[in-house]
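Let's take a friendly walk through this structure, starting with one chain and ending where the parts meet. Have the viewer open as you read.

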Amino acid sequence: MNTSKLMDKEAIRRAITRIAHEILEKNKGTDDLCLVGIRTRGVTLAARINEEIKTIEGTKPPLGILDITLYRDDLTLIDSQPIVHETQIDFDITGTKIILVDDVLFTGRTIRAALDALVDFGRPSSIQLAVLIDRGHREFPIRADYVGKSIPTALSQNVRVILQENDQSQDEVIVEDAEKR
Amino acid sequence: MKEWTKHDLLDIQELSKEEIELVLKTSKSFKEVSTREVKKVPTLRGKTVVLLFFEPSTRTRISFELAAKRLSADTISISSSGSSASKGESFLDTAKNIEAMNVDLIVMRHSASGAPKIVAEALAPSVINAGDGCRAHPTQALLDLFTIKERLGRIAGLKVGIVGDILHSRVARSNIWALTKLGAKVTLCGPATLMPRDIERLGVDLCYDLNEVIAASDVLMVLRLQKERMQEKFLPSIREYARMFGINRNRLKAAKKDLIILHPGPTNRGVELSADVADGDHSVILEQVNNGVAVRMAILYLLLGTKEK
């Protein structure tokens, strides 16, 4: 299988630091700010961005966890049920500025589902999107506000984000040809 | 985790331990939905669920209806009085006519054991058994398991006492299957006239001394005395039953501190359970009702969530 490394541990760390700075700059601090990570790796990235924000500003915005399974638009197309995991948003999102965090932005369908889910929890004043990788091939009119790295990919390729917390393996982003998977 | 392959939910026996655990895990995720401002997710949009109840029900019917509605399915509720069943139509004919209107799932309760199975075998839509005679009530057992696990953190190794009218109880039967499959130790307690013959074959113990059962148990499952199913004389009097097998505060003095008491409802206060115990600290009766919606959402999702197989 043909694989290549797009980002290593240090590159991921720098990208997260930069995204944290960009979020604070654009939102002028942490007032009304909250982070919501999309399961599974978006949650890890959101937590890391949150730590970074705390290091910079001294305060930590609330952090939520979103599972989008119940909002997927392809449930009637797939054969076996995805496992539904818990959503945990323990704060009122009405009036907040939400930073939605995911690992890879691809077709945009996950983000569409996440937006639908979020508005069921309340009426945020804005939702911004932060992703580690933007790999193109959008099927919906969705874009990211904060991007770790934009990379051109072929549809036949897979982008894998490996994070210590989820994969018990050193952080890296790799792209591989999909036929074997 | 093993993926879900079942088309119907007719009884607990047909579920593997892994499938039961999948239901419990999925239920936990669905519980959160009912706490939201907007208590609805679009998952089953465009699906139609028919609740076909040939026996009276409040809790189970409302619970299924709320579960389906919170998943955005359309629901229609039919009870035997006021439908063609009262004109003499057989339940299978009623069900076939409902199928002809392109429904996706039928939730069915009937006084005859096995009726939902007959419908499931004859019809294309999924069928959930919401109670058939004295035989099975699988969603009640699943919500009981969920409640126990949520409160005590585990099922395996727990001592569970099931007290009361075992003979007429589909709740007891489904729970015996489910609890023993997940490794709990089940002891049955009740009047000998209301104890089914050879019930020990299901891997349970019998004990006719309620005080002994109370002292040993982590969980007490108290059953309703089903007067409507008693054509013969099973008991000298209700009062005597209450004195011998009713749970009251006095008896609970010997109980473990974190004992939990379940009851499938509706309760006959003062018969199987005194009012102060039903409303007391050990009671998780309303939690069972709360969890029932989440568990039924999980089951509807698992049965209907993906494309037709």
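## Chain A

From its N terminus on, chain A runs through its elements as β-α-β-α-β-β-α-β-β-β-α-β. That gives four helices and eight strands, where helices (H or I, at least four residues) and strands (E, at least two) are DSSP runs, numbered from the N terminus. The radius of gyration of chain A, taken over C-alpha atoms, is 16 Å, close to the 16 Å that the globule rule gives for 181 residues, so chain A is as compact as a globular protein of that length. The globule rule is 2.2 Å times the number of residues to the power 0.38.

Along its principal axes, the C-alpha trace of chain A spans about 45 × 40 × 30 Å. Of the 181 residues in chain A, 38% are buried. A residue counts as buried if 20 or more other C-beta atoms lie within 10 Å of its own, as exposed if 12 or fewer do, and as partly exposed in between, with C-beta atoms placed from the backbone.

## How to read the model

This is a predicted model, in which local features need pLDDT of at least 70 and side-chain atom pairs count only at pLDDT 80 or more, while totals for chains, interfaces and linings use all residues. Residues are numbered from 1 along each chain as its sequence is written, and chains are lettered from A and ligands numbered from 1 in the order in which they are written.

Chain B has 10 helices and nine strands. Its radius of gyration is 19 Å, close to the 19 Å that the globule rule gives for 309 residues, so chain B is as compact as a globular protein of that length. The C-alpha trace of chain B spans about 55 × 45 × 35 Å along its principal axes, and buried residues make up 47% of the chain.

Chain B is divided into domain 1 (17-136 + 290-304) and domain 2 (138-288), with bounds that come from an automatic or database domain assignment. Taken over C-alpha atoms, the centres of these two domains of chain B are 25 Å apart. Where they meet, 21 residues of domain 1 of chain B are in contact with 20 residues of domain 2 of chain B; two residues are in contact if their C-beta atoms, placed from the backbone, lie within 7 Å. On the domain 1 side, α10(B) supplies the largest share, six residues. By class, that side has nine nonpolar, seven polar and five charged residues. Here Ala, Val, Leu, Ile, Met, Phe, Trp, Tyr, Cys and Pro count as nonpolar, Asp, Glu, Lys and Arg as charged, and the others, Gly among them, as polar.

## A parallel sheet in chain B

Which strands make up the open sheet of five strands in chain B? Their order is β7-β6-β5-β8-β9, with parallel pairing; two strands pair if DSSP finds at least two bridges between them. At the edges stand β7 (205-206) and β9 (260-262) of chain B, each with a single partner strand, so one side of each is left without a neighbour in the sheet.

Strand β5 (residues 159-163) of chain B is joined by five bridges to strand β6 (residues 185-189) of chain B, and the two run parallel. Among these strands' residues, G161(B) has T187(B) as its bridge partner in β6(B). Four of the five residues of β5(B) are buried, so β5(B) is largely enclosed by the rest of the structure.

## A closer look at V277(B)

V277(B) is found in helix α9 (residues 275-278) of chain B. Is V277(B) buried or exposed? V277(B) is buried, with 25 other C-beta atoms within 10 Å. Not counting residues up to four places away in sequence, V277(B) touches several residues, including L252(B), I261(B) and H282(B). I247(B) is 30 residues from V277(B) in sequence, and the two are 7.4 Å apart in space, C-alpha to C-alpha.

## The nonpolar core

In soluble globular proteins, nonpolar side chains tend to be buried together. A nonpolar core is a set of buried Ala, Val, Leu, Ile, Met, Phe, Trp, Tyr and Cys residues joined through C-beta atoms within 7 Å. The largest nonpolar core here has 142 residues, and those with the most contacts inside it include V36(A), V101(A), I106(B) and M297(B). Helix α10 (residues 285-304) of chain B gives the most to this core, with 12 residues. The core also draws at least three residues from each of domain 1 and domain 2 of chain B.

Not counting residues up to four places away in sequence, M297(B) touches F30(B), V33(B), A67(B), R70(B) and L71(B).

## Where the chains meet

How many residues of chain A are in contact with chain B? There are 18, in contact with 19 residues of chain B. The chain A side divides into eight nonpolar, six polar and four charged residues.
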